[in-house]
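Subject: Structure for you to look through

Hello,

Please find below the structure that I promised to pass on to you. I would be glad if you opened it beside this message and followed the description residue by residue.

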Amino acid sequence: MKSRKPLVALLLAVALLATCLAGCGGQNTSDTADGSGTTASSGRTRSTTTGQADNSLTIAINDIIDTLDPQLFARNMENLINMQIFEPMFYRDNDGNQVNILIDSMTENEDGSVDFVLKEGIQFQSGDTLKAEDIAYTLERCETSPICSALYGPITMTITDDTHFTWQFEGATFDDLYAYIEVMLVVNKSYCEEFISDPSEDLGFNTDGTGAYQFVEHASNGDVTLERFEGYHGEAPIDTLYFRYVTGSQETAFEAGDLDYATYTPTNFELIQEYENVTTQTQFLNGVTFLAVNCTEGAPTSDLRVRQAIAYCMNKDDITIIGSSGAGTPAYNLANPLVQYYGDVADHFEQDIETANALMTEAGYSESNPLELTLIVPSNRADWPAACEIMKEELEQSYFVVNIEQVPDTSRYFTYDFDLGMLSIILTTQFNSYAPMFQLDSGINLSGIDDSAILETFSNMTDEASTQEAMKAATESLAYIPLFYNSDHYAFDSNLNPGPYNVELSGFLYREFSWK
């Protein structure tokens, strides 16, 4: 049996060396994003953008934007932009308080129905006024949405007039669906019908929301520009949002003055805290880093025995240390512990090469007839390629040959042009939101798995026990092999007043940002 320890030890040594160097560079700061804490910098400064002078904000995106349809997008970066253009009826803040955006009030009735009253005079960016029919049309669009499909079916909507309507529920309660309602971004019915004849069609870059910013341009280089909507019903201090497509390191771009903030690896986070014109923030996320496994018909990894062998090859402690720069927790469940009814109910596939070999033999492979796999990984995630090197060596202890390919974006994940692919996902705190990962027509079924038994466990979710049954079935399918949970580390220009990261919405609302 081949040993993996030399490579692991080398990469661990590199990580520890970087940590030591970070500790030697000067005293770290304990600043938070709101400027609290004390500054004990080394006196170094980073280059800055012209954002403060221009009253603009430059944000990194690390993926190609294919659509800004708020119901049919599939990438986290598309969601990040959509949140600025479109708005939900309401959402919960980080303290658990409901924040009404498009509604003036709501009343829960004894029969479980809910009466809503829309705020009067809210305008779409086209100049149209928000009406109850727009809510109804948005609900209709949820039927084929990977984001809010859970709302289509259980809700029957009755319109009283332009600002009053009632929702009645069947098979679910208002509380059950809350997490989906707060991410249902409302569209303009009449505007949409100018571009699509069926609500299930993709709007592409035809956008008309009630949000603080409106779409201006999707450049050929991948950049996206939004400008403040002058008719917005709230406040938005910053004039222009530039979403810059960064194929390399966000950290390098931030320190070069090309971005107004960036996400950082834990090791480099210690370094950037030493700069006197930077403030920082750590944010725990409702997400998981995993391996997507190609389960499409005919793919060698569609064989469950092969997927189990892959899982048995891995030492998640080593992968987590390298892949998260020591900031992660090994994951044995596709759901994050922040998900409602989370339980450690799925089988743990601890490293066991002999069991992996037996499974591969059963599947028809051997040392002289190994299975060749392509493992893809985003090139802009600094620590992930190193984690993939760990996985390669661990897999090659059994009957695998692994070729690692770094990719600039996630487009190949959506065409099944891979065997294994390292990726992260952030969903809602309801496990139902993971169901589209197992539905072929959802747009986020990255594994291509088509398993009615798993989908049945999702449809039967009513309580803690049935939710955990779905977690177990989904995780043990190994269509997605969970690797680790982690957090994001943000570094901001110190002259920027950032708003809070909203956990329920999985991102920032840039209308809450301003320059000092």
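What follows is a description of the sheets, a helix, some loop residues and the open spaces.

This is a predicted model, in which local features need pLDDT of at least 70 and side-chain atom pairs count only at pLDDT 80 or more, while totals for chains, interfaces and linings use all residues. Residues are numbered from 1 along each chain as its sequence is written, and side-chain values use heavy atoms, with hydrogens and water left out.

Let me begin with the sheets. Helices (H or I, at least four residues) and strands (E, at least two) are DSSP runs numbered from the N terminus, and two strands are said to pair if DSSP finds at least two bridges between them. In general, the strands of a sheet pair through backbone hydrogen bonds, either parallel or antiparallel.

Six strands make up an open sheet with mixed pairing, in the order β14-β18-β13-β17-β15-β16. Because β14 (329-330) and β16 (400-407) stand at the edges with a single partner strand each, one side of each is left without a neighbour in the sheet. The pairing of β14 with β18 (residues 480-485) is antiparallel and runs over two bridges, and Thr-329 has Tyr-485 of β18 as its bridge partner. Helix α10 (residues 316-323) packs on this sheet, where it touches β14 and β18, and its direction makes about 60° with that of β18. Such angles run from 0 to 180 degrees between N-to-C directions, and the axes are lines fitted to C-alpha atoms, for helices over the stretch in contact, where contact means heavy atoms within 4.5 Å. Helix α9 (residues 304-313) lies across β13 (287-293), β15 (371-378), β16, β17 (420-426) and β18, and runs at about 80° to β16.

Another open sheet has three strands in the order β11-β19-β12, with antiparallel pairing. Its edge strands, β11 (261-264) and β12 (278-284), each pair on one side only, and the twist averages 25° from one strand to the next. Between β11 and β19 (residues 487-493) there are four bridges in the antiparallel sense, and Tyr-261 stands opposite Phe-492 in β19.

There is also a hairpin, formed by β8 and β9 with five residues between them, and Gly-222 in its turn has a positive phi of about 100°. Strands β8 (residues 213-218) and β9 (residues 224-228) pair in the antiparallel sense over five bridges, with Tyr-213 opposite Arg-228 in β9.

Which residues other than glycine have a positive phi? Ser-325, in the loop between α10 and β14, has a phi of about 55°, and Leu-478, in the loop between α14 (464-476) and β18, has a phi near 60°. Most residues other than glycine have a negative phi. A residue is called buried under 20% relative accessible area, exposed over 50%, and partly exposed in between (1.4 Å probe, protein chains only). Ser-325 counts as buried at 18%, and so does Leu-478 at 2%.

Now to the spaces. On a 1 Å grid over the protein atoms alone, a cavity is a set of points where a 1.4 Å probe fits but cannot get out, whereas a pocket is an open set with protein on both sides within 12 Å along at least five of seven lines, and lining residues have an atom within 4 Å of a point. The largest pocket has 28 lining residues, of which Ala-150, Tyr-180, Asn-432, Phe-458 and Met-461 are the closest to its centre. Helix α5 gives the most to this lining, with four residues, and α5 (174-181) and α13 (452-459) each supply at least two.

Helix α5 is largely enclosed by the rest of the structure, because six of its eight residues are buried; among them are Phe-174, Leu-177 and Tyr-180. The cover over these buried residues includes β2 (90-92), β3 (98-100) and β4 (103-108).

Finally, the residues lining the second largest cavity are Lys-316, Tyr-332, Asp-347, Phe-349, Thr-475, Glu-476, Leu-478 and Pro-482.

With best wishes
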